[in-house]
Amino acid sequence: MALLKGDTGGQVMLGLLLAVAVVVPVLNLAVPEGSPLHVSTYTVTLLGKYLTYALLAVAVDLVWGYLGILSLGHGAFFALGGYAMGMYLMRQIGDRGVYGDPILPDFMVFLDWQSLPWFWHGFDMFWLAALMVMLVPGALAFVFGWLAFRSRVTGVYLSIITQALTYALMLAFFRNEMGFGGNNGLTDFKDILGFDLQADSTRVGLFVASAVALALGYLACRWIVTSKLGRVAVAIRDAEPRVRFIGYRVDRVKVAIWTFSAMLAGIAGALYVPQVGIINPGEFSPLNSIELVVWVAVGGRATLYGAVIGAIVVNYGKTYFTGAFPEAWLFALGGLFVLVTLFLPQGIAGLFRQLTRRRGGSAAEGATA
Amino acid sequence: MSPVGDNGRDLLHRDRAFDFSPQQQAWLQFKETMRRDRTFDFMVKAKDLKLDVSHGPILYIEDLNVSFDGFKAIDHLNFYVDAGELRCVIGANGAGKTTMMDIITGKTRPDSGSVYFGQRIDLLRLSEPEIAEIGIGRKFQKPTVFEHHTVFENLELAMAADKRVFSTLLARLTGAQRDRIDEVLGMIGLAEHAKREAGALSHGQKQWLEIGMLLMQDPLLLLVDEPVAGMTHQEMDRTAELLVSLQGKHSVVVVEHDMDFVRSIARRVTVLHQGSVLAEGSMDQVQNDPRVVEVYLGE
């Protein structure tokens, strides 16, 4: 637990996460439905979705908060991980699809394709799909990062390119010829690893898996940022040329952390898809990636746990607003971003830190008095 | 006379490649690639390069030219530094002092000329981290320390070590490394500030920290750009002491405006003017040189 030394926010966050991961399943499965304490399966799935968003936000905070790379395209890595999982889930449908073809997913039958495209082979095996969930976003990030960071593309230019990356992928995935279900994406999933996706227990299982993934992802990022490499990363964020002159290969450090972050985003996407039951090209939408940066900004940059808070708070707000005042959501999001930038430049985590410091400060004063 | 032939190599070192037709340029490029003294040198790792100072100088700059938008920042500059020497470089603003350092450290690429570290290592073929790795350290004019790291961490990051990604991820401080950091903290007088964020230091302290970072790299050649700007007289004396103590083991090039400071440390002084060397010699010789008096000291 040396990783969490001095990380009060992280300790609190992981404690809460553990509590939620234990209590919510109990309240869903063991408490009868009529009881006021019962947590509906809908809520469990909603919370599970938030947790995958939180993991995605942690991945963004790692590269934005600690390395200074403002990625406006992390949604692309999330969506690619989601598609890899979606392909596995599609293959699991087997002959239970509308057209009843034992091999081909419905959309391929509909398009009159005779056989599986080459890249769909092997996705009926979970281990391969699970590997691809990390490898595909990782490989894309590696190639992209290698080209961009070696050419020293930074700042706004890099942000714009990441935005273009996700937009280009969105347009490509909209095409039926790509072989990923075009406009409709992949959906109508039946089961995962033999468990029925509609069953409460499977939903709870996915929720717990999301919580575990978030905790492990958080600890992994924490490990990186507390290592010497993490200190080099912050140094790159603050004075990149100086880091080069003391002998670090800045481009390689960037590519390594960037690729790791993309793989984390892929895992988040893979846990997201079975819970929401669909993946379509809309997930590549540039707006998603921008919204994601807002979560991190609201939660507080360069704290990691702030990203978790931000993702959950903003998405809870989104769920509430889109239900209560559907028209107002975008205004609320925009307003939130403006308010946070003006009054809470350190985000919610900054507020939290200020409060604990003030309390610590007054306690110290009390001791001297 | 045909420009291509056995003397193609000499022609390649002429300033202006655009004197040649594209075919001639391609031929010269081909010859450059096939030079037998440089066979497969793209496969030679920077750290495998052996520094050779058997002829005396550790740094050779020859016939160097750089211009920015038509302004000649460096104009046919020849400059040599002996191994173990402490050299001061003076000159008015725009004389090309900082540009020269930028070229040595790989930040700026010259239009023509050669820069060698020892007799063998061509610095123009190396990247900034490679140049740092073979032993050239630099202190910037404006102190750039890592503001959000503590003083201790600043020194730790600069420390000579395996700086590849995975080694850095797994790096743990050894006792010897910790001792070395403590030693440098003592040398730069920041021992009691070790845990402070570097951003909170005074200007003079940041200068010291940057010199400390340079020492942590344990370079063979130190390039020090205006080390005493913003320092009190007392601090200046300590800086002078420190720099003088480095000579012998390290070669040091100091760029400085403060003449008192230069006088207190320099054995040899080089005066730069409009991108080339105006005068070189002891402080007294240089100060009595009428050209120098006219352009610089006479002001």
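Two strands pair if DSSP finds at least two bridges between them, and strands themselves are DSSP runs of E, at least two residues long, just as helices are runs of H or I of at least four, both numbered from the N terminus.

Before we do, a word on what you are looking at. This is a predicted model, where local features need pLDDT of at least 70, side-chain atom pairs count only at pLDDT 80 or more, and totals for chains, interfaces and linings use all residues. Residues are numbered from 1 along each chain as its sequence is written, while chains are lettered from A and ligands numbered from 1 in the order in which they are written.

Let's take a hairpin. Strand 4 of chain B pairs with strand 5, residues 121-122, in the antiparallel sense over 2 bridges. Phe117(B) has Ile121(B) as its bridge partner there. Between the two strands sit 3 residues, and Gly118(B) takes a positive phi near 65 degrees in this hairpin. Strand 4, residues 112-117, also pairs with strand 1, residues 57-68, antiparallel again, over 5 bridges.

Now, which residues cover the two faces of strand 8 of chain B? On one side you find Ser251(B), Val253(B) and Val255(B), on the other Val252(B) and Val254(B), and all are buried. Buried here means 20 or more other C-beta atoms within 10 Å of the residue's own, with C-beta atoms placed from the backbone. For the whole of chain B, 39% of the 299 residues count as buried.

Strand 8 has neighbours too. Strand 3, residues 86-90, runs parallel to strand 8 over 4 bridges, with Arg87(B) partnered by Val253(B). Strand 7, residues 221-225, pairs with strand 8 in the parallel sense over 5 bridges, and Val224(B) stands opposite Val254(B). From strand 7 the chain passes through helix 9 of chain B, residues 233-246, to strand 8, a right-handed β-α-β crossover. Right-handed means that, with the strands pointing away from the viewer, the path from the first strand over the helix to the second runs clockwise.

Finally, the contact between chains. It takes 20 residues from chain A and 21 from chain B, where two residues are in contact if their C-beta atoms, placed from the backbone, lie within 7 Å. On the chain A side, helix 8 of chain A gives the largest share, 11 residues. Thanks, everyone!

How values were computed
Buried ≥ 20, exposed ≤ 12 C-beta atoms within 10 Å, placed from the backbone.
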